[in-house]
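The points below concern a strand with its neighbours and a pair of helices.

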Amino acid sequence: MDKTLVEGNPREPVPVPLERAQELGIQRVIDENGQPNGDLPDPQLPCEQVTKLYESMTLLRAIEARGWKLQRSGRIAFWIPMRGQEGYQVGAVHAMHDDDWVFRGHREMAAWIMRGASLEKLFAQFFGAQDEPLRGRRLPCLIGDRSINLVSPATPVGSFLPHAMGAAWGLKMKGSSRRVLCFFGDGGTSRGEFHSAMNFAGIHKPPAIFICANNSWAVTTPLECQTAFANFAAKGDAYGVRNLRIDGNDPLAAYVVTRQAHENADQWGTTLIEAVTYRLGFHTSSDNPDLYRRKAEDEAWEKWDPIRRLRLYMEHRGWWSQGQEDEMQARYEARIQAAVDAAESMPVPGPEDQFEHHYAEPDWILNEQRARIVSDIAGEKG
Ligand SMILES: Cc1ncc(C[n+]2csc(CCOP(=O)(O)OP(=O)(O)O)c2C)c(N)n1
């Protein structure tokens, strides 16, 4: 067999675009050392709100660390990493109102934890438990829950962008002041649905904030194979949609621009925000990035880690200490352990459960299929 197929052909590392933020029109509040000397104003959030952003990011990372271990040890089926991409998501969710709708891509779990949903239910979803909101029917991580206005992501890339735009249009038609936040990846911009959604946005001006997480890769596809243009935000120009680029690893930048878009949505309509970030981990637990990129590329992004940067911002203000860090980490460890214990002991749906909840009254095809599976299983057991 061709050796390169087995060992991969990782490309040479590409320089971190955040190093040239100003030249590339990437706006930020804080630099890599947590100093507020970017071109966006420091929102001057009070200590408890910045602490919420910081704690939310670290909780996401702790969930990720445990989820990864659970997958690697065979206790859950799949994992979708979000490490390195916590910044833009917590900033943007914090800028929204709790009753706004959030449509999420597969790496954005921030709304779940920031809107106070339970960790037990979250881990129950990872284990595919029967009583979690989606009854074990979605891949682990693809969680949503109507009770917190968080829509579960659709797996086909970009497919949910017109849904999000339609939801925003519906809110506008009803005269509601609520807005829609929608996260998606750079890969989504190559889908027709992105262009349909943007075209609709330019014409009808729904109150939506679309955040394209440009994390440099779409599985093995690098940026230069995703677009021939210099950036993703400017695609909004073709449709008359307001757009801008931010440092996606700066939660304060995400907060500032999302808030502005939220407050002015009646006048501006939709805003398209490109959040420049990087996927530090695998694409999913089924991937191996060593086959297409070198470790040096990940390492160059470490100093831009959103958690590290916000912690420095807080330390400069005397808002965070090692003691608080240790206490928080221990608290999260205990919460996550309790959630894992609870979730793992919950029943998982049986094979016949897949026939439930399709129609109010199951049709004869479903009934036949269910009867067949039940009798096959009984036969196997007998
Ligand atoms: C229509 C479609 N084609 C292919 C896939 C397989 N697939 C899953 S995720 C993914 C890449 C998505 O890249 P991007 O939108 O940039 O998000 P990221 O994974 O980088 O966060 C692909 C190609 C899919 N889910 N849907």
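Which residue of E9 does Ala213 stand opposite? The points below take up this matter along with others.

1. The model is predicted. In it, Ala213 stands opposite Ala275 of strand E9. Strand E9 comprises residues 271-276 and runs parallel to E5, with six bridges joining the two.

2. Strand E5, formed by residues 208-214, is mostly covered, since seven of its seven residues are buried. Ala208, Phe210, Cys212 and Asn214 point one way from the strand, while Ile209, Ile211 and Ala213 point the other way. Residues of both sets are buried. In a regular strand, side chains alternate between the two faces of the sheet.

3. Strand E5 also pairs with strand E4 (residues 180-185); these two run parallel and are joined by six bridges. Within this pairing, Phe183 has Ile211 of E5 as its bridge partner.

4. A separate point concerns two helices. Helix H4 (residues 86-95) packs against helix H10 (residues 251-263) at an angle of about 35°, and their axes lie 7 Å apart. The crossing of H4 and H10 is right-handed. On the H4 side, the contact is made by Gly87, Tyr88, Val90, Gly91, Ala92, His94 and Ala95. Helix H10 contributes Pro251, Ala254, Tyr255, Thr258, Arg259 and His262. The residues of this contact comprise seven nonpolar, five polar and one charged.

How values were computed
Residues are numbered from 1 along each chain as its sequence is written. This is a predicted model: local features need pLDDT of at least 70, side-chain atom pairs count only at pLDDT 80 or more; totals for chains, interfaces and linings use all residues. Side-chain values use heavy atoms; hydrogens and water are left out. Axes are lines fitted to C-alpha atoms, for helices over the stretch in contact, and angles run from 0 to 180 degrees between N-to-C directions. Helices (H or I, at least four residues) and strands (E, at least two) are DSSP runs, numbered from the N terminus. A crossing is left-handed if the near helix is turned anticlockwise from the far one by less than a right angle, and right-handed if clockwise. Contact means heavy atoms within 4.5 Å. Ala, Val, Leu, Ile, Met, Phe, Trp, Tyr, Cys and Pro count as nonpolar, Asp, Glu, Lys and Arg as charged, and the others, Gly among them, as polar. Buried means under 20% relative accessible area, exposed over 50%, partly exposed in between (1.4 Å probe, protein chains only). Two strands pair if DSSP finds at least two bridges between them.
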